[in-house]
Amino acid sequence: RTPLGPIRLDGEGLAALRESGEFEELSLGEDEAEHSIEMQLPFLLLSMEQADWTLLPVVVGHLSQQACALFARHLEPLFDDPNTL
């Protein structure tokens, strides 16, 4: 939830990433310490207020080339979708 209202999450995308077994969810403590997107979400909500959209949150840290390639394979279908920004 943002000060401007809630943001719907992409449940289908989240389920696909969870089912892959390659992605981990942040613990509550990790989530509370992670603020990289929080300042952007109200602006995103405001700029996209006329659109029907969902958010697929993915946090990425330092990755090896091998890990980048693995995650890219899972995310590639999303980037091929013309509705993905």
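Okay, quick one before we start: when I say helix, I mean a DSSP run of H or I that is at least four residues long, and helices are numbered from the N terminus. With that in hand, let's look at D10, which sits in the segment before helix 1, and helix 1 covers 11-20. Keep in mind that this is a predicted model.

Let's zoom out for a second. The C-alpha trace spans about 40 × 35 × 20 Å along its principal axes. Of the 85 residues, 19% are buried. And if you take the contacts with a separation of 6 or more, 80% of them join residues 24 or more positions apart.

Now back to D10. Is D10 buried or exposed? D10 is buried, and yet it has no salt bridge. The nearest side chain of opposite charge is R8, and that one is 8.5 Å away. What does D10 touch, leaving out residues up to four places away in sequence? The answer is T54, L55 and L56.

Next, charge. The chain carries 4 positive and 16 negative side chains, with the centres of the two sets 4 Å apart. Some of the negative ones form a surface patch: E24, E30, D31, E32 and E38. Let's pick D31 from that group. D31 is in helix 2, residues 28-33. Its relative accessible area is 43%, so D31 counts as partly exposed.

Terms used: Residues numbered from 1 in each chain as written. Predicted model: local features only at pLDDT ≥ 70, side-chain atom pairs only at ≥ 80, totals over all residues. Heavy atoms only, no water. Patch = residues over 30% accessible without salt bridge, like charges linked within 9 Å, V, L, I, M, F, W, Y side chains within 5 Å. Areas by Shrake-Rupley, 256 points an atom, 1.4 Å probe, with all protein chains shown as cover. Salt bridge = Lys/Arg side-chain N within 4 Å of Asp/Glu carboxyl O. Lys, Arg positive; Asp, Glu negative; His and termini not counted. Charge placed at Lys NZ, Arg CZ, Asp CG, Glu CD. Helix = DSSP H or I, 4+ residues; strand = E, 2+ residues; numbered from the N terminus. Buried < 20%, exposed > 50% of the residue type's maximum accessible area, 1.4 Å probe, protein only. Contact = heavy atoms within 4.5 Å.
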